[in-house]
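Have the structure open while you read.

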Amino acid sequence: MSRVDSLLEVLLTLERPLLLALDVDGTLAPIVRDPDLAEIPEQTLSTLAALAEVPTLELALITGRDLGSLQRMERLQGVWRAVEHGGVVLAPEQAPPKRELTSGQREALDRFREWVDARAHDAFIEYKPQAIAVHVRAIAASDPLRADRLLREADELAESLGLHVRRGKALREAEAVRYDKGSALREIFDRSGARSVFFVGDDLTDFPAVDFATEHGIGAFVRSEEQRGTPSTSAKLLGSVDEVTALLSKLLERIAR
Ligand SMILES: [Mg+2]
């Protein structure tokens with residue numbers, strides 16, 4: 001039996017309602033150099049739309065992107081969303097809350113932004129309501145030493161400004177408020193009334209959610225060239241975005257009939 005088929009069989013034994021929670025980039029959407037160009041394939045979007053309608057499933061997307069950036073990739077109905085690594089958790093069709101930063105937090109982000117303008121202007125930068133993310137994937141392709149140096153500088157500066165540092169694949173993020181995907185997943189689990197959870201992610205930032213899912217169901221991790229390590233839990237492993245896609249469409253076939 002293939003890796004996908006054996007995972008599917010275990011998945012089908014989980015108690016319902018089942019919370020099916022998925023990271024986006026590197027899990028549903030293939031990784032590309034410019035995160036603005038990443039896409040969830042059409043076929044996957046229609047599988048997700050159908051899964052969202054299954055009465056014994058709760059579907060959730062859990063991403064580091066902010067809501068606007070996620071909405072560029074999907075406009076699904078009936079889906080829970082945790083954006084900004086769990087900074088905002090939204091029930092299906094719930095409007096995003098208003099948030100305010102303190103003047104100290106705003107000032108720290110402004111200082112970080114000045115460093116970005118001076119040193120990392122050619123990196124891919126995400127300005128989120130409570131954080132600034134620096135992606136160095138494109139720089140690493142031509143000048144890996146400089147990419148490493150930028151990540152180190154970002155670490156040091158963010159720490160000295162009292163910002164929380166989040167480390168991901170070719171990514172540093174300086175955050176005014178600290179969250180993680182594990183607590184976001186727990187919140188959705190509690191609010192949705194699900195009895196078990198299945199989560200898939202592909203990055204360091206997904207580990208807390210993989211851990212939570214392993215305790216309450218199954219946590220799975222997509223291995224990649226960039227991320228050779230795996231979570232320290234008994235997480236299930238998947239080999240690629242394609243395997244995640246195959247698993248989801250097989251799950252739909254089995255669960256919807
Ligand atoms: Mg990811």
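Which elements do the buried residues of α4 pack against? They pack against β6, α6 and β8. Before going further, some ground rules. This is a predicted model, in which local features need pLDDT of at least 70 and side-chain atom pairs count only at pLDDT 80 or more, while totals for chains, interfaces and linings use all residues. Residues are numbered from 1 along each chain as its sequence is written. Helices (H or I, at least four residues) and strands (E, at least two) are DSSP runs, numbered from the N terminus. A residue is buried if 20 or more other C-beta atoms lie within 10 Å of its own, exposed if 12 or fewer, and partly exposed in between, with C-beta atoms placed from the backbone. Contact between two residues means that their C-beta atoms, also placed from the backbone, lie within 7 Å.

The buried residues of α4 are Ala108, Leu109 and Phe112. Looking down the axis of α4, they fall within an arc of 95 degrees, so they line one face of the helix; the arc is that of the directions from the helix axis to the C-beta atoms. On the other side of α4, Ser103, Asp110, Glu114, Asp117 and Ala118 are exposed.

Now for α6. Its buried residues are Ala147, Leu150, Leu151, Ala154, Leu157 and Ala158. Seen down the axis of α6, these fall within an arc of 140 degrees, so they too line one face of their helix. They pack against α4, β6, α5, β7 and β8. The other side of α6 has Leu145, Arg152, Glu156, Glu159 and Ser160 exposed. Just after α6, Gly162 takes a positive phi of about 75 degrees.

The lengths of both helices can be checked against the expected span, which is 1.5 Å times one less than the number of residues.

| Helix | Residues in helix | End-to-end C-alpha distance | Expected span |
|---|---|---|---|
| α4 | 17 residues | 24 Å | 24 Å |

**Domains and cores**

The chain splits into domain 1 (15–97 + 179–255) and domain 2 (103–175), with bounds from an automatic or database domain assignment. Their contact takes 13 residues from domain 1 and 14 residues from domain 2. The C-alpha centres of the two domains lie 25 Å apart.

A nonpolar core here is a set of buried Ala, Val, Leu, Ile, Met, Phe, Trp, Tyr and Cys residues joined through C-beta atoms within 7 Å. The largest one has 51 residues, and those with the most contacts inside it are Ala21, Ala60, Leu185, Ile188 and Phe199. Apart from it lies another core, of 22 residues, among them Ala120, Ala123, Ala133 and Ala158. Leaving out residues up to four places away in sequence, Ala21 touches Ala60, Ile62, Leu185, Ile188, Val197 and Phe199.

The loop between β3 and β4 is worth a look. Glu84 sits in this loop and has a phi near 50 degrees, a positive value in a residue other than glycine. His85 is found in the loop as well, with a positive phi near 55 degrees. Glu84 counts as buried because it has 26 C-beta neighbours inside 10 Å, and His85 counts as buried with 30. Gly87 is also placed in the loop, and is buried with 22 other C-beta atoms within 10 Å. Not counting residues up to four places away in sequence, Gly87 touches Gln130, Val177 and Tyr179.

Finally, a cis peptide bond joins Arg16 and Pro17, with omega about 0 degrees. Pro17 is in the loop between α1 and β1.
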